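The entries follow in the order in which I made them.

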Amino acid sequence: MKDENRANLEPVDRERRTFIGAAVGVGAAMVAPGVILHVVEAAPRAASVSSDVRWGLVIDTAKCADGCSACIDACDRENGLDLQTKPKPLSESKWDQQKAVWIRKVKLQDNQTGRITNLPMMCQHCEDPPCVDVCPTGASFKRADGIVIVDRHLCIGCRYCMMACPYKARSFIHEELKGQLTSVPRGKGCVESCDLCVDRRDYGEDSTACADACAAEGHNAIVFGDLKDPESPISQLLKALPTRQIREDLELNTGVRYAGV
Amino acid sequence: MKRIVYREWRIPPARFWGILGILAAVIGIGTLSFGYMEHQGHWVTGMNNAVVWGLPHVFAVFLVIAASGALNIASIGTVFRKPIYKPLGRLSGLLAVALLVGGLLILVTDLGRPERLIVAITSYNFSSIFAWNIFLYTGFMAIVIAYLWTMADRQGGPFNRPVGILALFWRLALTTGTGSIFGFLVAREAYSAAILGPMFVVLSFAYGLSVFLLVLMFAFADEGRVIGPKILRRLKNLLAIFVAGSLYFMLIYHLTNLYAAKHDDFESWLLLRGGIYTFAFWVGSILIGGLLPLGILYHPEKGKNCNWVAAAAALVIVGGFSTMYVVIIGSQAYPMPLFPGQTILESGFGDGVGGRAASYWPSIPELLLGLGGVAVGLLITAVGVRVLQFLPESLADDVVPVDEETLGEAAFAKPA
Amino acid sequence: MAKATFEVPELTQYTEVPAIQPGAMAHSATFKAKEDFQKDLGFPGELVDDWQTKAIDKMGELLGKYRSLRVYMDACVKCGSCTDKCHYFLGTNDPKNMPVGRQDLMRKVYRRYFTLPGKLFPKLVGAEDFTKEVLDDWYCYFHQCSQCRRCSVFCPYGIDTAEISMAAREIMDSIGVGQKYCNEIIGKVYKIGNNLGLPGPALIDTLEGLEEDVFDETGVKVRYPIDEEGAEVLLVTPSADFFAEPHVDGLIGYGKVFHEAGISWTMSTHASEAANFGMFIGSYENMRRVAQRIREAAIQLKVKRIVFGECGHAWRVAYSFLNTLAGPWDFLDPRYPVPQHICEFTYGLIQEGKLTFDKSENDDKVLTYHDSCNVARASRMGEVPGGQFEIPRAIIRATCNHFYDMDEDTIRDRTFCCGGGGGLLTDDLMEVRVKGAKPRMDALNNVMQEKGVTHMAAICAICKTQFSKVLPYYGMEMDQILSLHQLVSNAIVLTPGPDDAEEDEDDDLDGDALDNDNKQENDEAA
Amino acid sequence: MAFLTNFYAFLFYFAAFVIVSGLVFKIVQYSRTPAPLKIPTTPAPTTRSGVVFRMMREVVLFESLFRGNKWTWIFGWMFHFGLFLVTLRHLRYFMEPVPFLIQLVQPYGIYGGLAMIVGLAGLWVRRFFVDRVKYITSLSDHLILGLLILIGCTGLLMKFVFHVDVVEIKTFFQGLYSFDIKPLPADPLLLLHLLLVASLMIIFPYSKLLHAPGLFFSPTRNQVDNPREQRHIAPWAKKLEQH
Amino acid sequence: AQTVLADEVKRYVVEGSRAAGLDACVEPTERMRRMHFEFIKHQRTATVHEGIRGTKYSLAGCVDCHISYNAEHEAQPINRPDQFCGACHAYAAVDLNCFDCHASIPNRPESGPGAQAAHAGVGRPGHLAHAHSGGGER
Ligand code: HEM
Ligand code: HEM
Ligand code: SF4
Ligand code: SF4
Ligand code: SF4
Ligand code: SF4
Ligand code: SF4
Ligand code: SF4
């Protein structure tokens with residue numbers, strides 16, 4: 001879903017992110033008018049990520065459609081999760097519990113009102129991530145820009161972070177993988193989770209696969225952006241909508257916020 | 001006071017090598033299943049993304065805290081100056097190291113990327129209790145080895161008590177640290193309880209002593225050494241106190257959970273609706289691991305009988321395993337409270353739809369891995385007592401030191 | 001007790017490893033053998049002229065004959081494991097008494113003449129010419145080794161200093177430098193038949209006396225036969241057993257055991273000596289010649305079995321070498337190992353239930369047991385390895401109520417030598433003997449203090465002699481050392497034979513037993 | 001460059017010749033020398049397989065040394081086990097294709113190298129501080145320890161600090177097999193490492209390093225304890241019986 | 001970087017890879033042979049922790065340049081024992097587990113940003129004449 005001809009673009013100022021209004025390439029063609037567009041920082045990042053930004057998502061559960069799974073499919077495709085294959089002897093039900101899931105759909109019913117809510121759940125990119133606190137090797141870490149990821153060169157596969165994460169956001173790779181994507185190396189024995197499409201971040205794209213997909217479906221339930229930039233659409237949205245963190249009681253100051261739960 | 005004489009475990013070579021052979025075979029099988037798990041990946045285990053720690057961790061945690069508890073005997077002897085326990089100090093130290101090695105090996109071989117162990121040794125994250133535990137474990141091993149040296153080598157004599165005190169505190173820290181691996185998991189209802197640390201300490205006493213007792217009795221019986229009624233009574237009373245203490249702490253733990261409104265869901269699940277976990281709790285932990293042994297130990301006749309005491313110790317161990325099973329696995333299986341006040345109708349990731357617990361069923365390789373770890377511990381112990389003078393020659397009543405006496409330098413008269 | 005001209009070491013609770021004191025024992029040299037003794041054994045009478053070349057040649061010859069020597073000269077890595085294992089070092093602090101120090105006396109010569117680096121860079125590898133000083137060192141220190149093999153147990157390559165000191169003594173003998181004590185004794189064996197030089201008639205006399213004594217004591221006619229053709233068993237025992245305390249009590253015990261077993265036995269005037277000092281001087285030929293007497297006696301007396309009495313190195317030669325030196329033994333009863341140790345014999349009877357003991361007879365004693373080094377580390381008893389440790393202890397347990405072992409580090413294959421073995425049991429080496437006994441004395445003293453041990457049993461003539469001499473130096477009593485079969489003798493319940501019956505009629509058994517007790521007590525008091 | 005390569009090629013041919021012929025000579029000599037008497041240090045096994053087992057324990061575990069001196073054992077065993085692992089790791093230079101087991105052991109070889117250095121250091125320290133050991137130590141003992149430590153240190157430096165071209169080194173040694181001299185990279189550490197290794201090979205057959213084969217021939221360890229059951233007699237001793 | 005030795009020493013660059021047509025790696029060959037793992041390790045930390053993607057030692061870049069294609073124009077996994085990384089590592093018996101996780105064949109348009117960066121690092125413009133559509137589409 002990348003722009004085939006992006007390579008032809010001349011490098012632009014890397015520090016200042018430019019909004020390009022025009023739809024470029026196949027993927028962008030599907031973007032409905034009026035929706036946030038690709039941010040293209042044409043060259044890969046050469047300097048260290050900075051804490052001037054903090055990436056995050058806002059999810060408006062009111063817009064999330066029952067039965068829709070576009071974001072999930074997109075994430076799977078983007079990160080090669082759809083390439084996972086069930087080891088033959090394994091039963092379906094066990095496989096369901098063992099395969100990697102970065103983003104999942106949850107359907108809730110309020111015990112009192114009976115109201116039904118749909119929402120996607122992924123790593124919440126906590127500001128004080130318990131997963132990072134517990135990781136013995138420092139493989140789980142938070143990048144300066146707020147993205148919580150696993151350095152899989154350091155991860156020993158102890159799964160303590162999975163014990164610690166309150167959102168069940170992480171998956172352990174139980175089986176050998178084949179045919180990984182060049183952009184998303186993944187492999188047996190390590191723990192992984194939503195990385196806010198980190199390579200898109202480093203190549204200066206302006207959105208995540210899930211947000212793109214949701215927008216493409218016309219739901220626009222997921223908005224990606226810089227939480228620290230008061231001008232950014234995501235910040236605007238946060239001001240406009242009453243949102244909350246899931247399990248606020250833990251005070252993790254998550255980077256993913258939900259409206260309508 | 002008579003000098004305590006220690007002697008290598010001198011059972012006939014054929015029998016010794018036979019025992020080693022059996023243990024080595026179990027270790028071999030454990031190694032094979034390790035190879036299998038690593039080669040195939042963890043999908044061959046029962047573990048999954050909801051229950052991420054399974055049977056190996058039950059074994060490992062049990063062994064680690066039993067290791068810490070096993071050292072108790074040595075501590076009582078040197079730190080609390082109860083001379084009657086002194087002859088047991090060396091075995092206690094050896095067992096502590098051996099069980100710890102066994103437990104850690106299980107943890108290591110269960111890692112997703114065991115070949116990167118070096119990473120865990122070279123790069124630390126100091127906010128992780130796990131990383132601290134790595135220090136606690138290696139430190140424990142170093143200290144206990146030093147402690148053993150002070151017990152076994154004459155030159156070490158003067159350091160015996162200081163090192164013993166250090167070992168005692170280190171040990172408490174270690175058990176607390178192990179408990180805290182779970183205790184600090186704020187996310188999980190079952191774990192976020194401060195009492196978990198102290199509870200682990202008391203559990204460790206009971207488990208460590210039970211393992212110690214069994215090993216001691218086996219070693220002694222096999223070579224025809226004597227365990228006198230006096231020391232047997234002391235040991236079994238001690239065990240009874242620890243078992244009672246464990247029961248008490250478990251009671252407190254579940255009571256506080258019940259009263260903490262946030263956790264009562266979990267409690268009612270575990271105590272009533274949790275299926276296998278409820279069963280393991282009531283039958284395994286409480287009945288087999290607590291009430292039955294207490295009954296035996298306080299029984300006026302059976303409490304005096306070596307075999308019954310051994311049976312009680314064995315029951316405590318069985319109970320200990322089910323306690324660990326409930327604590328480690330039950331608490332993971334119980335769904336995490338993501339959306340209070342809401343019921344999860346559907347989820348792409350088994351978030352406990354309708355409050356259902358996650359499923360976990362241990363697989364054979366996990367079991368074999370765990371048994372392999374146990375065998376490693378026993379192998380180290382067996383070789384240790386065979387080649388080093390760790391077992392007292394006798395624990396008969398007339399040989400063991402009188403308890404009430406404080407330790408004095410053994411008077412050594414030279415003949416005229 | 002002889003007045004010591006040297007300082008007797010203080011006993012300590014643990015035998016500490018001393019700091020080295022080079023040259024501490026350099027003054028101790030045992031008497032050299034006179035010319036005629038040398039000649040008897042086929043050695044030159046005095047230091048030959050071109051002794052250096054002769055010695056080197058002899059060394060070369062031995063290197064080709066003994067794999068042990070060959071390998072041991074090369075293999076030592078100077079790891080130091082043996083350094084604190086020799087009782088002579090522990091007692092004398094002289095580094096040349098460390099096993100490796102002792103070996104190096106020969107190794108430096110070996111390196112100089114037999115290895116390339118030693119020929120090219122002697123300093124680098126510690127090689128030295130074979131000078132008179134070196135020879136003197138050899139004589140001094142190779143006669144401070146009791147060939148007990150304790151060092152071999154702890155050496156990673158099993159380097160056995162005993163082999164080296166045997167070779168050294170053989171080399172020295174071959175150039176005319178022999179030790180008086182050993183060579184004189186071997187000469188006596190050739191001439192008279194035993195180490196002590198007891199002629200046949202004297203032996204017969206002694207044994208008759210013994211029979212009477214035993215009868216007086218027990219009222220049972222126990223026989224002590226000698227030179228009886230056609231007996232089932234030939235008993236070969238160290239000549240000390242014939243008269244000296246505590247040895248003779250052991251012999252009495254053997255007799256009682258044979259009596260109870262109902263097995264006919266005999267000793268031999270021709271082979272009236274179990275010991276074989278040929279081993280001490282490393283001379284295969286002499287050892288063989290001494291051993292052949294036993295073969296001759298066995299053939300002459302037409303016996304079916306050979307049993308050896310209590311003697312350590314004699315048992316080593318008997319168990320390990322006899323088959324080699326004087327075999328094959330195909331004319332003896334194949335159902336029994338050749339030879340058997342008296343302890344194996346007694347133990348077998350105990351197992352079969354043929355002996356009855358009244359343990360209380362030994363209740364006045366609290367015992368410990370000294371594993372004699374040659375039995376412990378150079379031979380075996382019974383079917384399984386380690387029988388040499390268990391069988392004697394089993395006999396003690398069967399005959400005594402109170403038994404405690406000494407420190408584990410000082411018994412079984414880690415036993416400390418008594419300090420008198422290997423041909424050192426001579427008064428001119430008293431200092432070495434007393435100092436070398438220290439580790440054993442330390443351990444004995446420990447069990448005396450802690451367990452109230454009063455007596456130590458041993459199964460070696462040299463040990464027994466050495467201890468009765470050395471114990472007093474350390475403030476203990478010389479009679480604290482016992483023969484193992486003395487315990488058997490005390491406790492065994494004898495069944496009267498047919499020819500005892502008449503006497504029984506007027507002398508009832510109870511009274512007899514009482515008599516025994518009294519006799520025993522009197523003995524103790526005396 | 002070419003000179004160095006040729007020099008080292010020659011050096012290794014020579015060293016290999018010395019060590020192989022020297023060891024063969026020694027081993028033949030040991031095995032030809034008779035052991036006329038049964039002198040196993042008892043308790044000894046009574047069967048051949050028992051002896052093999054005893055020997056295994058000596059070779060693998062250094063059992064006697066363990067009983068003799070714990071500190072020496074710890075360091076000595078560390079050194080030898082480390083050396084063993086390092087040797088296995090080094091086999092990759094000499095085998096093509098590399099057998100699976102050797103591949104497997106590669107990472108452990110590095111720990112082996114570290115253990116080897118620590119062990120050697122411990123052994124060396126005791127040559128200075130334990131008076132008994134100091135007394136028996138000769139210059140050559142120091143030299144051998146120094147040589148081995150230096151070999152180890154240069155090796156570890158190559159592994160961790162100044163990397164060398166392993167592939168070219170392997171090619172060089174592979175070439176030696178077929179007398180096809182391939183260039184050897186001229187990294188100073190490597191050259192030093194190899195020089196020292198060659199010296200080690202050259203001194204091996206007449207130094208105390210003979211303890212390695214020697215152990216297998218030590219009569220106190222390799223004999224079966226069965227003198228009563230089987231007559232054991234050396235050829236030269238048999239001659240005595242002829243008359 | 002070609003020394004006198006170069007001819008005598010076995011080379012691992014595979015026929016049919018782009019590297020086969022070039023005469024230098026991102027560093028002189030001798031340096032690469034000794035140090036490549038240090039380079040990529042350093043790059044890996046920089047990339048994962050700091051998000052830096054624009055240096056020449058990218059693993060994806062290595063693969064791009066050293067990958068070879070068979071007659072059917074399918075990319076051959078680079079860690080295969082007859083391919084660039086695999087052959088050398090088999091010879092040197094060095095475990096190469098990077099490709100447990102990393103794609104062993106380039107599976108995105110070759111002019112993708114990762115490859116570009118690598119090429120830019122060696123001072124070559126990113127656009128390449130022959131764009132392969134490698135075996136594994138993804
Ligand atoms: C079957 C093989 C071997 C066995 C069983 C063996 C055994 C031993 C033992 C038991 C020691 C004495 C303890 C110590 O000081 O560490 C020792 C020392 C030594 N070994 Fe070995 N070894 C073997 C092979 C080798 C080899 C191949 C080398 C050399 C490359 C070697 C080098 C050394 C050195 C240098 C020492 C002396 C250490 C010192 O100076 O303290 N060994 N060996
Ligand atoms: C002809 C024989 C030898 C060759 C060609 C050789 C070559 C090498 C090379 C190239 C390395 C660096 C490995 C790397 O960078 O990964 C190395 C390391 C090392 N070498 Fe050697 N070496 C030889 C013999 C020895 C011997 C005999 C010893 C020990 C006595 C030894 C001890 C070591 C050690 C300890 C290391 C470091 C650990 C390791 O990388 O394995 N080497 N050697
Ligand atoms: S794509 Fe949008 S609407 Fe569809 S499930 Fe995801 S978040 Fe909901
Ligand atoms: S949601 Fe879980 S994985 Fe993500 S940052 Fe928070 S604790 Fe870590
Ligand atoms: S599984 Fe990996 S990331 Fe998670 S805690 Fe363990 S080492 Fe850290
Ligand atoms: S941000 Fe990227 S990685 Fe995370 S869920 Fe969305 S698509 Fe997946
Ligand atoms: S054989 Fe005995 S006396 Fe001789 S050196 Fe060895 S330990 Fe000392
Ligand atoms: S123990 Fe053996 S190798 Fe070590 S120094 Fe003594 S004789 Fe030499």
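**Entry: iron of ligand 2.** I looked up the protein donors of the iron atom of ligand 2 and found His90(D) and His193(D), each through NE2, lying 2.0 Å from the iron. Donors here are N, O and S atoms within 2.8 Å of the metal (3.2 Å for Na, K and Ca), and sites may look incomplete because water is not among the atoms. The model is predicted; local features need pLDDT of at least 70 and side-chain atom pairs 80 or more, while totals for chains, interfaces and linings use all residues. Side-chain values use heavy atoms, without hydrogens or water, residues are numbered from 1 along each chain as its sequence is written, and chains are lettered from A and ligands numbered from 1 in the order in which they are written.

Why is the arrangement around the iron atom of ligand 2 octahedral? I noted that its 6 donor atoms subtend angles of 83 to 179°. Six donors count as octahedral if opposite ones are over 155 degrees apart and all others between 65 and 115. For comparison, I wrote down that ideal octahedral angles are 90 or 180 degrees.

I then placed the two histidines: His90(D) is in helix H4 of chain D and His193(D) in helix H9 of chain D, so the pair ties together parts 103 residues apart in sequence. Helices are DSSP runs (H or I, at least four residues), numbered from the N terminus; strands are E runs of at least two.

Are these histidines buried or exposed? His90(D) is partly exposed at 29% relative accessible area, whereas His193(D) is buried at 9%. Buried means under 20%, exposed over 50%, and partly exposed in between (1.4 Å probe, protein chains only).

**Entry: shell of ligand 2.** I found 23 residues around ligand 2, with Arg89(D), His90(D), Arg92(D), Phe173(D) and His193(D) the closest. A residue belongs here if one of its heavy atoms lies within 4 Å of the ligand. H7(D) gives the largest share, 7 residues. By class I noted 15 nonpolar, 5 polar and 3 charged residues. Nonpolar covers Ala, Val, Leu, Ile, Met, Phe, Trp, Tyr, Cys and Pro; charged covers Asp, Glu, Lys and Arg; the others, Gly among them, are polar. A polar side-chain atom of Arg89(D) is 2.7 Å from an oxygen atom of ligand 2.

**Entry: iron of ligand 1.** The protein donors of this iron atom are His80(D) and His211(D), both through NE2, lying 1.9 Å from it. I noted angles of 87 to 180° among the 6 donor atoms, which makes the arrangement octahedral. His80(D) sits in helix H4 of chain D and His211(D) in helix H10 (residues 211–217) of chain D, so parts 131 residues apart in sequence are tied together. His80(D) is partly exposed at 27%, and His211(D) is buried at 13%.

**Entry: chain D in the record.** UniProt, in an unreviewed entry, lists residues 76–212 of chain D as "domain: NarG-like". Such annotations may be inferred rather than shown by experiment, and positions are given in the numbering used here, with feature names shortened. I found this span to be 75% helix and 0% strand, with end C-alpha atoms 13 Å apart.

**Entry: ligand 7.** I counted 14 residues around ligand 7; Cys86(C), Cys145(C), Cys148(C), Arg149(C) and Cys151(C) come nearest. The shell divides into 7 nonpolar, 4 polar and 3 charged residues.

How values were computed: Polar contact = N/O pair within 3.5 Å; in protein donor to acceptor, adjacent residues only side chain to side chain. Tetrahedral: all angles 85-135°; square planar, octahedral: opposite > 155°, others 65-115°.
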